[in-house]
Amino acid sequence: SAGDYTTIVLDANGCEISLSFTISEPELLEASVSVTDALCNGGSGSSELTITGGTAPYTTENLSDLSAGDYTTTVTDSNGCVTSVSFTISEPDALETSVSVTNALCNGGLGSAELTVTGGTAPYDVEELSALSAGDYTTTVTDSNGCVTSVSFTITEPDELSAFVTVTNVSCNGLNDGSAELTISGGTAPYDMEELSALSAGDYTTIVLDANGCEI
């Protein structure tokens with residue numbers, strides 16, 4: 001083993017000589033690891049080794065483009081001495097988005113959407129999703145590491161609120177037995193409307209409100 005030694009040599013006549021020498025050894029071969037985790041779920045990370053001791057040059061494995069998981073890598077020096085080190089590449093949870101939609105209450109009105117974002121790495125960069133006309137939309141969410149996910153949704157609106165009126169005229173001059181009957185379509189039932197009976201001759205305007213407060 002490594003250390004200081006003295007040995008004695010005797011010849012056939014008993015003559016003696018002594019010799020001292022030293023056996024040396026390299027410093028202990030050791031390796032430490034610095035890990036770069038995956039920025040996005042399903043992405044790749046890497047690790048960098050710091051090696052001390054042993055005898056350079058060293059033989060190491062390629063430690064780039066590593067999926068999340070547990071690893072053990074070995075280092076071999078020029079004398080065939082070997083050490084190993086274990087490490088873990090981690091990743092964020094999958095970046096996912098769900099959407100809650102508020103549809104337009106009236107035809108031609110505006111709706112909105114609210115996102116719920118999970119996973120990835122906060123804070124998140126999201127689009128403004130208010131004052132949206134009826135239609136199909138796709139929005140993207142980007143986390144602080146640049147990971148991106150998207151979600152699609154639809155803003156709907158009721159059919160246009162419309163009314164058709166059927167008039168029954170006053171039977172005799174001066175009476176008030178006229179009436180009007182409304183036929184309503186579109187909007188959102190039930191509808192709020194005036195009583196249109198016992199009407200004298202004249203011009204009238206009536207307002208119909210649907211369940212959402214849309215008016216015609």
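Sheet, core and patch in a predicted model

Modeller: In this predicted model, strands E9, E10 and E11 make up an open, antiparallel sheet in the order E9-E10-E11.

Biologist: What makes E9 and E11 the edge strands?

Modeller: Strand E9 (125–126) and E11 each pair on one side only.

Biologist: How do you know that E10 and E11 pair?

Modeller: Pairing takes at least two bridges. Eight bridges join strand E10 (residues 135–142) to E11, so the two count as paired. They run antiparallel, and Thr142 stands opposite Val148 in E11.

Biologist: Which residues form the largest nonpolar core?

Modeller: That core has 11 residues, among them Leu95, Ala113, Leu129, Leu132 and Phe153. Strand E8 (112–118) and strand E11 (148–155) are the elements that give two or more residues to this core. Another core lies apart from it, with eight residues, including Ala31, Leu63, Leu66 and Val75.

Biologist: What is Ala113 in contact with, leaving aside its neighbours within four places in sequence?

Modeller: Ala113 is in contact with Val99, Ser100, Val101, Leu129, Leu132 and Phe153.

Biologist: Which residues form the nonpolar patch on the surface?

Modeller: Tyr5, Leu19, Phe21 and Ile23 form the patch, and together they have about 360 Å² of accessible area. Strand E2 (residues 16–23) gives the most to it, with three residues. Tyr5 lies in strand E1 (residues 3–10).

Biologist: Why is Tyr5 called partly exposed?

Modeller: Buried means under 20% relative accessible area and exposed means over 50%. Tyr5 has 33%, so Tyr5 is partly exposed.

Conventions: Residues numbered from 1 in each chain as written. Predicted model: local features only at pLDDT ≥ 70, side-chain atom pairs only at ≥ 80, totals over all residues. Heavy atoms only, no water. Core = buried A, V, L, I, M, F, W, Y, C linked by side-chain atoms within 4.5 Å. Buried < 20%, exposed > 50% of the residue type's maximum accessible area, 1.4 Å probe, protein only. Helix = DSSP H or I, 4+ residues; strand = E, 2+ residues; numbered from the N terminus. Contact = heavy atoms within 4.5 Å. Patch = residues over 30% accessible without salt bridge, like charges linked within 9 Å, V, L, I, M, F, W, Y side chains within 5 Å. Areas by Shrake-Rupley, 256 points an atom, 1.4 Å probe, with all protein chains shown as cover. Salt bridge = Lys/Arg side-chain N within 4 Å of Asp/Glu carboxyl O.
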